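Please keep the view open while you read the points below.

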Amino acid sequence: MSRAGTARVRVLPGFGINMGFTVLYLSLVVLIPLAALLFNSTGLTWAKFADMATDPRILASFRVSFTTAGFAAFANLFLGLLLAWVLVRYEFPGKKIFDAIIDLPFALPTAVAGVALTALYAPNGWIGSIVEPLGIQIAFSQLGITLALMFIGIPFVVRTVQPVLAELEKDVEEAAATLGAGRWLTFRKVVLPELIPPLLTGFALAFARGIGEYGSVVFISGNMPMKTEIAPLLIMTQLERFDYAGATAVALLLLIVSFVLLFLINTLQRWSRKTSRK
């Protein structure tokens, strides 16, 4: 066989062209905006940045944002896995419609979702009017923020787990069953190890989306300082006051903390992939 026949066929052009387009796209979308943020932060003094970093109101808003985003992403791990399992393993009437509804938070404007959720969970809403007499306040509380973040984050988990679950060989599960393994043991030993990497990916995506979410949260949170105020709202508040240095400081703090957390999650994801391959 000739050398030309054994050469690997490349559908796209060479590495240089691909790398050039990749760097250009990454620069326009990610690197240049982040560089602008860092450039604007040069107008900050260390004293002002330290004051912003230790301000009780800002720390409280960060605690609300990261706590609710973490709880919402963690809850979506179980709900997303359940939804993906139903969509892959079962056939039922209206399955395609149900599958399309999963992507609704992607297409629905976040402000519309926020108004709808507030109207639903407010004290005079359909659900809020039922749970309010029981002493459960959903709207204008951190519980309402968590539910809103669960709504906008659930597609990330479902869409990352669904294709992996569809590619799993059922023969392995059947072999485990013939060897006497029950359903729970088969799921824990055979299926779950393959699903841990996509679950961590979905968790990271939902968590990152929840940290920076504004439209769907700003209405249902109530924006009470030290209680339900989120970090993105503080950035908008500083901009409305024309305090660009303060807004940049809050954004820079949010960027640093988000990057550290996502780095830890990605490290855990790579470790889980290496473990599952052994």
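**Notes on the model**

1. Glu229 is buried, with a relative accessible area of 3%; buried means under 20%, exposed over 50% and partly exposed in between, using a 1.4 Å probe and protein chains only. This is a predicted model, in which local features need pLDDT of at least 70 and side-chain atom pairs count only at pLDDT 80 or more, while totals for chains, interfaces and linings use all residues. Residues are numbered from 1 along each chain as its sequence is written, and side-chain values use heavy atoms, with hydrogens and water left out.

2. Which residue does Glu229 meet in a salt bridge? The partner is Arg57, at 2.6 Å from N to O (a salt bridge is a side-chain nitrogen of Lys or Arg within 4 Å of a carboxyl oxygen of Asp or Glu). The two are 172 residues apart, with Glu229 in the loop between helix 12 and helix 13 and Arg57 in helix 4 (helices are DSSP runs of H or I, at least four residues, numbered from the N terminus). Arg57 counts as partly exposed, at 28% relative accessibility.

3. The whole structure holds five salt bridges. In another one, the side chains of Arg159 and Asp103 meet at 2.9 Å, N to O. This pair also links distant parts of the chain: Arg159 belongs to helix 9 and Asp103 to the loop between helix 5 (95-102) and helix 6 (104-107). Salt bridges with shared partners join Asp99, Asp103 and Arg159 into one network.

4. Now look at the largest nonpolar core, which has 57 residues (a nonpolar core is a set of buried Ala, Val, Leu, Ile, Met, Phe, Trp, Tyr and Cys residues joined through side-chain atoms within 4.5 Å). Phe62 and Leu195 touch the most other members. Helix 4 gives the largest share of this core, twelve residues. Beyond four places in sequence, Phe62 touches Ala231, Val250, Leu253 and Leu254 (contact means heavy atoms within 4.5 Å).

5. Thr68 also sits in helix 4 (residues 56-89). Thr68 is buried, at 2% relative accessible area, and a polar atom of its side chain lies 3.2 Å from the backbone oxygen of Ser65. Setting aside residues up to four places away in sequence, Thr68 touches Gln142, Ile145, Thr146 and Leu149.

6. Finally, please visit helix 2 (residues 15-40), where Tyr25 is placed. Tyr25 is exposed, with a relative accessible area of 60%.

Notes
A polar contact is a pair of N or O atoms within 3.5 Å; within protein, one must be able to donate a hydrogen and the other to accept it, and residues adjacent in sequence count only if both atoms are side-chain atoms.
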